[in-house]
Amino acid sequence: MSIQTLDLNKFEKDVDNVYEGVVIVSKRARQINDEIKMEQNQRLEPIIAKETEDDTIMNQDKMNISLEFEKREKPTQEAADEFMNEELNFRYRDE
C-alpha cells in the first residue's frame with residue numbers, strides 16, 4: 001500500500017476548515033470499520049461454532065476469510081475517497 005497525498009483545497013471545499021473534514025472522514029471510517037467487523041464476525045461465526053477445544057491448528061477457512069478482509073481497502077482510505085468524490089452526506093448536530 002502506497003502513501004497518497006490529498007489535495008487539502010479539495011478536502012476543505014465543502015466544510016469550513018480542514019479539521020471539520022478530518023472529523024467527518026474519521027467518523028465515516030469508524031462506521032465502515034464497524035460494518036466490516038460485523039460482516040467478518042458473521043462469516044467467522046459458523047466456523048468458530050464448529051471448532052472444538054482441541055483445535056490448536058488454525059482453520060484454513062478461517063485463515064482465508066481473515067486474509068480476504070486484510071486485502072480490502074482500509075476504512076480510512078475508503079472514507080477519504082467518499083469525501084473527496086462528494087459521495088458522503090453529513091450534517092451538523094444542531095441543524
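1. By class, how many nonpolar, polar and charged residues does the lining of the largest pocket have? The lining has 5 nonpolar, 2 polar and 5 charged residues. In this classification Ala, Val, Leu, Ile, Met, Phe, Trp, Tyr, Cys and Pro are nonpolar, Asp, Glu, Lys and Arg are charged, and the others, Gly among them, are polar.

2. A word on the basis of the note. The model is predicted, so local features need pLDDT of at least 70 and side-chain atom pairs count only at pLDDT 80 or more, while totals for chains, interfaces and linings use all residues. Residues are numbered from 1 along each chain as its sequence is written, and side-chain values use heavy atoms, with hydrogens and water left out.

3. The terms for empty space come next. Rolling a probe the size of a water molecule over the atoms shows where empty space is left. On a 1 Å grid over the protein atoms alone, a cavity is a set of points where a 1.4 Å probe fits but cannot get out; a pocket is an open set with protein on both sides within 12 Å along at least five of seven lines; and lining residues have an atom within 4 Å of a point. Grid points are joined across faces, edges and corners, and a volume is the space filled by probe spheres set on the points.

4. The largest pocket has a volume of about 440 Å³. Its lining includes Glu-20, Val-23, Ile-24, Lys-27, Arg-28 and Gln-31. Leu-88, Asn-89, Phe-90, Arg-91, Tyr-92 and Arg-93 are also among the lining residues.

5. For the second largest pocket, the volume is about 150 Å³. Among the residues that line this pocket are Asn-33, Ile-36, Gln-40, Ser-66, Phe-69 and Arg-72. Helix 2 (18-50) and helix 3 (60-71) are the elements that give two or more residues to this lining; helices (H or I, at least four residues) are DSSP runs, numbered from the N terminus. By class, 3 nonpolar, 3 polar and 4 charged residues make up the lining of the second largest pocket.

6. The count of cavities of 30 Å³ or more comes to 1. The largest cavity has a volume of about 40 Å³, and the residues lining this cavity are Lys-10, Phe-11, Lys-13, Asp-14, Phe-83, Met-84 and Glu-86. Helix 1 (8-11) and helix 4 (75-84) are the elements that give two or more residues to the lining. By class, the lining of the largest cavity has 3 nonpolar, no polar and 4 charged residues.

7. Two of the cavity-lining residues, Lys-13 and Glu-86, also form a salt bridge, with the closest N and O atoms 2.3 Å apart. Glu-86 lies in the segment after helix 4 and Lys-13 in the loop between helix 1 and helix 2, so this pair ties together parts that are 73 residues apart in sequence. A salt bridge is a side-chain nitrogen of Lys or Arg within 4 Å of a carboxyl oxygen of Asp or Glu, and the count by this rule is 6. Glu-86 is partly exposed, at 46% relative accessible area, whereas Lys-13 is exposed, at 52% (buried means under 20%, exposed over 50%, partly exposed in between, with a 1.4 Å probe and protein chains only).

8. Where do Arg-72 and Glu-39 lie? Their side chains meet in a salt bridge (3.0 Å, N to O). Arg-72 lies in the loop between helix 3 and helix 4 and Glu-39 in helix 2, so the pair ties together parts that are 33 residues apart in sequence. Arg-72 is partly exposed, at 28% relative accessibility, and Glu-39 is partly exposed, at 29%. A network of salt bridges links Glu-39, Arg-43, Glu-68 and Arg-72.

9. Another salt bridge joins Glu-35 and Arg-28, with the closest N and O atoms 3.9 Å apart. Glu-35 is partly exposed, at 44% relative accessibility, while Arg-28 is buried, at 16%.

10. The last point concerns aromatic rings. Rings of Phe, Tyr and Trp (its six-membered ring) pair if their centres lie within 6.5 Å; planes under 30 degrees apart count as stacked, over 60 as edge-to-face and the rest as tilted. By this rule there are 3 aromatic pairs. The rings of Phe-83 and Phe-90 have centres 6.3 Å apart and planes at 40°, so this pair is tilted. Phe-83 is buried, at 5% relative accessibility, and Phe-90 is partly exposed, at 33%. The rings of Phe-90 and Tyr-92 have centres 6.2 Å apart and planes at 90°, so this pair is edge-to-face. Phe-11, Phe-83, Phe-90 and Tyr-92 form one aromatic cluster.
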